[in-house]
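Here is my note on the model, written as numbered points. Please keep the sequence and the structure open as you read.

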Amino acid sequence: MTHRRDFIKTAGALTAAALAATAIPRQASALFGAMPTSAPLPEMDAAVKELLLEAIQAAKQAGASFADARISRFMQNFVFTREQQIQNTVDTETFGCGVRALVDGTWGFAATQKMTKEGVAKAAKTAVAIAKANRIARDTAITLVPTDSHPNASWRSDFTIDPWTISVEDKAALLLKANAEALKAPNVKFVFSALFFVKDERNYASTDGSVINQLAVKSWPIIQATAVSNDRTDFQNRSSPTAPMGRGWEYIIELDLPTVARTTGEEASQKLSAKPVDVGRYDLVLHPTNLWLTIHESIGHATELDRALGYEANYAGTSFLAPPEKMLGAFKYGPEIMNIQADRSQKGALSTIGYDDDGVKPEDFMLVKNGILRDYQTTREQAGMLKWWYDKNKMPTKSRGCCYAQGWNNVQFQRMPNVSLMPGERDLKWDDLIAATDRGIAILGDGSFSIDQQRFNGQFGGQVFHEIKGGKIVGMLKDVAYQIRTPDFWNGLDMIGGKSSYEIGGSFFDGKGQPGQSNSVSHGAVPARFRNVNVINTGRKA
Amino acid sequence: MSAPMSRDDAQRIIERAIKMSQADGCEVSLNANVTGNTRFAANQMSTAGEIEGSTFAVQSAFGPKHAVVTTDDLSDASIRRAIEQSEKLAKLSPDDPEAMPSLGPQTYVPVNAYHEATAACSPADRARAALTALEPARKAGNVSASGFIVTGNNVSAFGNKQGLFAYFSNTTANYTLTVRTADGTGSGWVAADDHDWSKLDYKSVSERAVDRAQRSRGAVAIEPGRYTVILEPQAVGDLVELLIGYIAARSADEGRSPFVKPEGGSKIGEKIMDSRVNIISDPADPQLGGQPFDGEGFPLGRQSWIENGVLKQLFYSRFWAKKQSKVATGFPTTVKMLGGTTTTEQMIANTERGLLVTRLWYLREVDPRTALYTGLTRDGVFLIENGKVKNAVRNFRFNESPIFMLNNIEALGPTQRLAGTENGGDIVMPVIKARDFNFTSLSEAV
């Protein structure tokens with residue numbers, strides 16, 4: 001996963017280099033008029049539909065047994081500021097068509113920006129030609145499990161105010177106001193802040209008879225405050241706990257960024273005088289703003305079927321949850337209280353969508369039930385590989401709806417749904433978990449994160465660390481990172497929060513695949529306590 | 001075949017766009033790419049594709065107000081809309097007190113990184129290349145090959161209202177291959193990268209990956225701790241390329257970088273690494289072949305960052321250079337760490353106890369004050385004892401800084417163009433031998 005910090009770095013480079021052609025993420029301008037607020041379900045543009053149907057028809061005529069086409073318009077809007085000045089405003093847009101063709105059990109894909117009937121038909125023929133060229137290297141033929149067709153489907157994400165209707169002046173003014181609040185804290189010398197919006201209009205048609213039109217809006221506010229010690233021997237960063245969400249400007253209003261920024265600045269400042277952590281084993285009380293990322297790395301990626309079967313071996317890696325025959329129904333991920341849901345339906349979450357890029361309408365499913373592994377994330381190409389398991393459990397063999405492509409110019413493959421730790425039965429809260437802990441560390445916010453290619457050994461930081469003694473927070477710590485072995489860590493889970501403590505965290509940039517693609521994904525979590533976790537001190541002298 | 005956009009076409013589009021501009025300043029960046037890729041995994045063909053695309057980005061400026069708009073539709077109407085939109089956004093934007101005027105016309109070093117063999121590479125060529133791994137792997141029966149072959153034909157151009165025009169065309173060919181043993185205990189990674197497709201030796205990559213996978217089977221767990229390491233160029237690059245994220249002089253001047261001098265300013269001029277360490281950028285270096293200008297059209301030549309262990313230079317943006325009365329450097333597009341004369345075999349022969357490391361994985365910043373990173377070894381770690389490679393060992397997690405590592409150099413070897421960097425780009429690194437590399441825990445991942 002690419003992290004907020006990397007994003008900040010990229011943003012920094014981007015603003016420094018102004019127009020860095022290679023640095024700017026591909027895309028966009030607000031060529032589109034602003035969407036009215038509370039818009040009705042989108043309708044597919046007639047011309048777009050005509051091109052989609054032309055593309056799949058051309059693929060079929062050229063010999064494809066199955067083909068689908070996607071035409072998408074992906075728009076981004078960024079406003080970057082530092083301290084009391086604007087750094088840049090960027091509007092991006094990309095529009096094009098990608099065609100995927102299955103010929104004699106082999107895939108081909110081609111993408112074009114030539115948005116004419118001839119242009120998309122040529123791409124379709126190229127996709128078929130690539131599939132045919134690959135036939136010489138084929139071994140087992142690729143097959144797809146059936147799915148319902150959705151001949152006239154529409155979906156729209158849960159937003160009420162389109163960020164594209166808000167002026168750049170208002171966006172910049174909000175950020176500068178937030179920055180001013182952060183700068184009030186002692187020693188806070190620098191603040192970076194940004195608003196990042198995405199509008200993703202996806203159109204899909206397949207030879208299975210689906211024609212689907214969807215619109216998703218996503219928003220991510222970022223504030224990072226830096227406190228520098230008076231003698232210049234230390235500096236500390238604090239990034240705001242403002243999750244990216246599948247929502248619109250209304251989310252930004254609700255967050256009250258100036259208030260968030262004040263706390264962010266104060267905590268950056270406090271970190272300068274925090275006590276360096278003593279190395280050792282601690283009980284950790286992890287806040288959802290920290291735990292979402294650990295869930296992402298140690299469960300989200302581990303339960304991807306393509307990884308478990310070796311399809312990502314050359315890049316993202318495989319999974320310790322392999323082979324599925326030995327793991328499903330048998331592997332004890334954690335205790336009874338551990339329930340992990342996968343869904344693409346949570347309101348405001350980033351992976352939420354009406355239909356996936358296989359044309360499948362996703363349903364919620366449990367990856368882990370009462371601590372036992374029950375399922376994997378799948379696409380139409382993969383679901384058949386688990387037929388034995390679904391048959392055994394009297395479940396239909398169908399895709400879990402996890403197919404996704406970043407844009408028109410990327411081929412779709414298995415990507416992560418929202419993967420979340422479900423609340424416990426008792427309505428415990430963050431404070432209850434701390435009160436029940438004798439010697440531990442409470443961690444808020446996501447920091448450094450790294451995990452091996454099979455998802456066993458992970459190391460995670462955080463933003464703010466509080467020392468717990470005798471059920472009370474007694475002071476702030478710094479230089480904390482926890483190291484885990486995934487099965488041991490989750491089996492050390494012994495206390496979780498209830499429904500009212502559930503929060504969603506997430507990222508815009510989860511990387512996977514070759515060529516690399518990024519998707520945005522959310523992870524819901526409740527506060528949770530993990531026993532006896534190894535904590536290291538990351539402070540060194542330069 | 002030819003580049004996806006000729007120099008004349010790029011210049012024509014940029015000039016036409018600039019003519020439409022009503023702003024004080026107008027900068028246009030243009031990209032055009034044709035890429036082809038073939039993927040295989042678990043001894044099966046996976047996805048394959050060809051993608052054509054272009055991007056037009058315009059920054060309009062009215063005094064200190066500016067905004068960027070990009071589109072990928074290069075029609076006149078679309079370009080006009082993008083320019084109008086950027087002008088509208090710029091006018092609405094608050095003043096940027098750091099805004100700099102556009103550069104005037106520049107001269108650039110010639111770089112030849114375009115190769116016809118790459119531009120002409122077909123899906124069938126890539127499928128045949130994939131077979132050099134798939135056939136032996138299927139035949140062997142006890143290994144599984146997963147690989148990715150990607151070629152690109154790219155153009156990047158930049159122009160502005162002051163008459164600056166820059167154009168660069170290159171081709172790229174990249175092959176990465178992971179071979180895993182069927183028993184799940186061995187994994188070997190080998191890769192190759194060149195601007196010229198015909199220079200990639202697929203067969204050799206395949207043979208070496210199979211060999212490495214077989215040799216890495218049954219890895220033994222040894223205690224984590226500080227070890228002497230011999231890092232292959234990819235492993236060196238995985239850590240050293242991260243230094244690019246810290247090269248802003250401004251961060252050091254502001255007190256928030258590993259290069260902060262407590263008394264004020266940066267450590268430029270101070271010896272911060274072993275005296276054999278030299279790190280440069282040079283688009284014209286034959287191993288690199290990088291873009292000779294940055295995102296502002298600033299000309300890039302040979303730039304020394306670390307010279308004989310001394311921090312020679314940090315990146316000065318035009319604004320920061322002006323403010324600090326320094327000379328702007330431009331932002332580098334290439335990185336090369338110069339090598340030495342010790343071969344990997346000699347390094348091994350001179351090692352009493354150490355580890356030979358293929359590559360590193362999932363590196364993430366742990367502490368920006370020291371550029372401390374955590375990450376893991378991957379796809380082949382071998383124990384060296386008494387001058388000989390003995391057996392494979394389990395992977396480790398490390399917590400290490402490239403700055404610390406480059407202080408602990410024992411020997412430098414031949415350089416290689418990297419194929420597997422997380423961020424891509426033109427990077428060349430040597431084999432190095434370093435002492436006291438800090439491995440902090442074991443990973444059972446293969």
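1. Where is the place of Pro515(A)? Pro515(A) sits in the loop between β23 (503-512) and β24 (517-525) of chain A, where strands are DSSP runs of E of at least two residues and helices are runs of H or I of at least four, numbered from the N terminus. The peptide bond that leads from Gln514(A) to Pro515(A) is cis, with omega near 0 degrees.

2. A word on the basis of these points: this is a predicted model, in which local features need pLDDT of at least 70 and side-chain atom pairs count only at pLDDT 80 or more, while totals for chains, interfaces and linings use all residues. Residues are numbered from 1 along each chain as its sequence is written, chains are lettered from A and ligands numbered from 1 in the order in which they are written, and side-chain values use heavy atoms, with hydrogens and water left out.

3. Another cis peptide bond runs from Ala322(A) to Pro323(A), with omega near -5 degrees, and Pro323(A) belongs to the loop between α8 (305-308) and α9 (324-327) of chain A. In the loop between β1 (66-82) and β2 (85-103) of chain A lies Glu83(A), whose phi is positive, near 40 degrees, although Glu83(A) is not a glycine. Most residues other than glycine have a negative phi, and most peptide bonds are trans.

4. Helix α4 (residues 168-182) and helix α6 (residues 257-272), both of chain A, pack at an angle of about 30 degrees with their axes 7 Å apart, the axes being lines fitted to C-alpha atoms over the stretch in contact and the angles running from 0 to 180 degrees between N-to-C directions. The angle therefore makes α4(A) roughly parallel to α6(A), a term for angles under 35 degrees.

5. The largest cavity holds about 330 Å³ of space; a cavity is a set of points on a 1 Å grid over the protein atoms alone where a 1.4 Å probe fits but cannot get out, and lining residues have an atom within 4 Å of a point. Its volume is the space filled by probe spheres set on the points, which are joined across faces, edges and corners. Of the 22 lining residues, those closest to the centre of the largest cavity include Gln236(A), Lys271(A) and Val366(B).

6. The second largest cavity has a volume of about 240 Å³ and is lined by 19 residues, with Phe413(A) and Ser46(B) among those nearest its centre.

Technical notes: On a 1 Å grid over the protein atoms alone, a cavity is a set of points where a 1.4 Å probe fits but cannot get out, and a pocket is an open set with protein on both sides within 12 Å along at least five of seven lines; lining residues have an atom within 4 Å of a point. Angles under 35 degrees count as roughly parallel, over 145 as roughly antiparallel, 65 to 115 as roughly perpendicular and the rest as oblique.
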